[in-house]
Amino acid sequence: MDKYKVTHRLLKQSIKSLVNRQLTSNNPIYRSISALPLGNGGRNPQLYRSFGSLATKVERNPSFSSLNSDDVSYFKGVLGEKNVVQDEDRLETANIDWMHKYKGSSKLLLLPRNTEEVSKILEYCNSRRLAVVPQGGNTGLVGGSVPVFDEVIINAGSMNKIIAFDKVSGILVCEAGCILENLISYLDNQGFIMPLDLGAKGSCQIGGNVSTNAGGLRFVRYGSLHGNVLGLEAVLANGDVLDMLGTLRKDNTGYDLKHLFIGSEGSLGIVTKVSILTPPKLSSVNIAFLACEDYLSCQKLLSEAKRKLGEILSAFEFLDSHAMDLVLNHLEGVRNPLPSAVHNFYVLIETTGSDESYDKEKLEAFLLHSMESGLISDGVLAQDINQASSFWRIREGVPEALMRAGPVYKYDLSIPVEKMYSLVEEMRLRLGQSANVVGYGHLGDGNLHLNISAPRYDDTILAQIEPYVYEWTSKHRGSISAEHGLGLMKANEIFYSKSHETVQLMASIKKLLDPNGILNPYKVLPHSLCSYS
């Protein structure tokens with residue numbers, strides 16, 4: 001067998017054997033969650049505490065080695081000196097997330113240039129039990145892309161080549177370090193678009209997008225990356241390269257293993273290449289910015305948009321008046337498109353089609369009917385690309401405005417649309433004047449971004465938020481992570497959305513693919529299931 005390849009057959013057999021194994025108390029992986037000890041049995045641990053969650057008190061896994069000079073010498077031999085970073089300023093940036101909530105203490109940043117170098121890094125780290133954290137653009141919101149302790153950082157940014165693009169099929173093959181905005185620009189010149197668009201597109205990398213199963217602004221039209229990613233290449237913890245870089249729309253030969261790596265946040269392997277299906281760029285794009293007086297009107301407007309706009313509806317976003325106020329007060333150059341009155345809710349609708357006159361006529365008829373029926377109280381249709389960009393700037397600028405306003409607790413939740421805003425209202429009652437509760441998000445697919453802006457990070461405020469937010473979401477059969485992942489922040493909260501049996505099986509798959517637990521430790525899975533063997 002090639003040193004850098006592992007066959008699908010062997011991995012499939014291993015997973016099948018694992019799943020079929022009898023779930024008994026004699027199997028330590030499947031022990032009851034309640035029987036598993038938190039911590040390491042009373043030793044004096046190194047503890048980590050972040051501002052992100054009440055549950056993110058973590059101890060360093062004592063089975064992990066610490067970096068030494070021999071390790072650094074090995075990496076320099078593989079990567080060259082300039083790609084082995086020990087500079088304190090660069091490490092300071094790589095050790096902290098963009099919200100300044102999560103901070104690690106890594107002493108080493110590695111910049112591999114290709115899959116083979118990633119393979120050699122992981123093979124060595126696995127043999128030494130050196131924990132690693134994969135990192136892309138570091139735009140995550142749950143502490144998934146930065147070290148918790150002294151893990152070696154592996155940044156994919158130098159792996160940024162577009163390998164191939166087929167104009168007939170629209171299939172793009174690229175390396176994991178490609179910045180999303182660069183891919184968008186490349187495809188635009190080819191007459192295509194990415195099925196994924198995010199506010200962080202100028203920094204985030206496609207490998208990180210795939211590893212977190214990022215959702216974004218076009219989800220309502222094009223769906224998730226589970227549907228758009230046709231294949232990928234990933235490096236396992238032991239350095240084996242799993243080649244699943246297919247470009248076929250249909251391939252029904254056995255288990256579709258790529259889905260294990262989409263959304264697993266680098267905990268099962270490091271994604272190094274991606275093939276993705278991209279839609280053709282359509283010539284007719286229209287954007288409307290609308291005002292609604294209550295949340296029920298927003299819901300009804302969504303239902304009507306799905307019926308009346310149908311195949312041309314490509315985005316349906318909403319924000320409340322609190323979010324609008326933040327954007328207007330904290331972002332330079334942003335103006336309210338509907339300045340004549342203050343409204344409780346704002347909705348951005350985008351349509352994309354191939355017939356400009358037909359699409360615009362269809363949208364205008366929808367807006368006129370919605371105005372006459374009282375669903376919208378005001379609205380404006382973008383007349384040119386600059387006005388369209390200014391509308392999107394409002395919606396995409398909310399996270400930046402929140403950061404400029406000060407400390408913020410962020411929650412990314414999937415909730416049935418009819419219940420979604422009730423959580424925002426309940427949090428306002430719980431917190432009173434102590435914090436500014438903001439609601440916005442992807443109404444078209446039931447994804448609420450609940451943000452709580454506070455004067456400072458305060459455990460008293462946090463105790464009012466958690467676990468109430470998770471309990472409320474679970475009670476209404478929602479998900480505690482819609483598109484941001486679990487990371488460190490929500491690893492211990494996974495049971496609010498997944499059954500014990502499901503999580504136990506996840507832990508078993510993790511144990512199979514990463515028996516030493518070196519890949520992005522302390523993330524995704526509850527710490528009670530992460531053994532120190």
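**A walk through the contacts of a predicted model**

An open sheet of 4 strands runs in the order S3-S4-S6-S5, and its pairing is mixed. At the edges are strand S3 (84-85) and strand S5 (132-135), each of which pairs on one side only. The partner of S5 is strand S6 (residues 152-155), and the two are parallel, with 4 bridges. If you want to find this on your screen, look for Pro134, which stands opposite Ile154 in S6.

Now to the aromatic rings. How many aromatic pairs does the structure hold? There are 17 aromatic pairs. One of them is Tyr295 with Tyr421, a stacked pair with 5.6 Å from centre to centre and 25 degrees between the planes. Tyr295 belongs to helix H10 (residues 295-308) and Tyr421 to helix H15 (residues 420-431), so the pair joins parts that are 126 residues apart in sequence. Are these two tyrosines buried or exposed? Tyr295 is buried, with a relative accessible area of 8%, and Tyr421 is buried too, at 4%.

Tyr421 has another ring partner. The centres of Phe318 and Tyr421 are 6.4 Å apart and their planes are at 80 degrees, so this pair is edge-to-face. Here too distant parts of the chain are linked, since Phe318 is in strand S13 (residues 313-320) and Tyr421 is in helix H15, 103 residues apart. Phe318 is buried, with a relative accessible area of 0%. Through ring pairs, Tyr295, Phe318, Phe345 and Tyr421 are linked into a cluster.

Let's stay with strand S13 for a moment. In S13, 8 of the 8 residues are buried, so the strand is largely enclosed by the rest of the structure. S13 pairs with strand S14 (residues 345-353) in the antiparallel sense over 7 bridges, and within that pairing Ala315 has Glu350 as its bridge partner in S14. S13 also pairs with strand S17 (residues 436-442), again antiparallel, over 2 bridges. There, Phe318 has Gly441 as its bridge partner.

S13 carries a charged contact as well. Asp320 forms a salt bridge with Arg428, with the closest N and O atoms 2.8 Å apart. Asp320 lies in strand S13 and Arg428 in helix H15, so the pair ties together parts 108 residues apart in sequence. Asp320 is buried, at a relative accessible area of 0%, whereas Arg428 is partly exposed, at 22%.

A few last contacts, then. The count comes to 19 salt bridges. Another one joins Lys510 and Asp514, whose closest N and O atoms are 2.7 Å apart. Lys510 is buried, with a relative accessible area of 14%, and Asp514 counts as buried at 1%. Asp197, Lys201 and Glu396 are linked in a network of salt bridges. Finally, Arg430 lies over the face of Tyr468, 4.0 Å from the ring centre.

Definitions and conventions
Residues are numbered from 1 along each chain as its sequence is written. This is a predicted model: local features need pLDDT of at least 70, side-chain atom pairs count only at pLDDT 80 or more; totals for chains, interfaces and linings use all residues. Side-chain values use heavy atoms; hydrogens and water are left out. Two strands pair if DSSP finds at least two bridges between them. Rings of Phe, Tyr and Trp (its six-membered ring) pair if their centres lie within 6.5 Å; planes under 30 degrees apart count as stacked, over 60 as edge-to-face and the rest as tilted. Buried means under 20% relative accessible area, exposed over 50%, partly exposed in between (1.4 Å probe, protein chains only). A charge sits over a ring if NZ of Lys or CZ of Arg is within 6 Å of the ring centre and within 35 degrees of the ring normal. A salt bridge is a side-chain nitrogen of Lys or Arg within 4 Å of a carboxyl oxygen of Asp or Glu.
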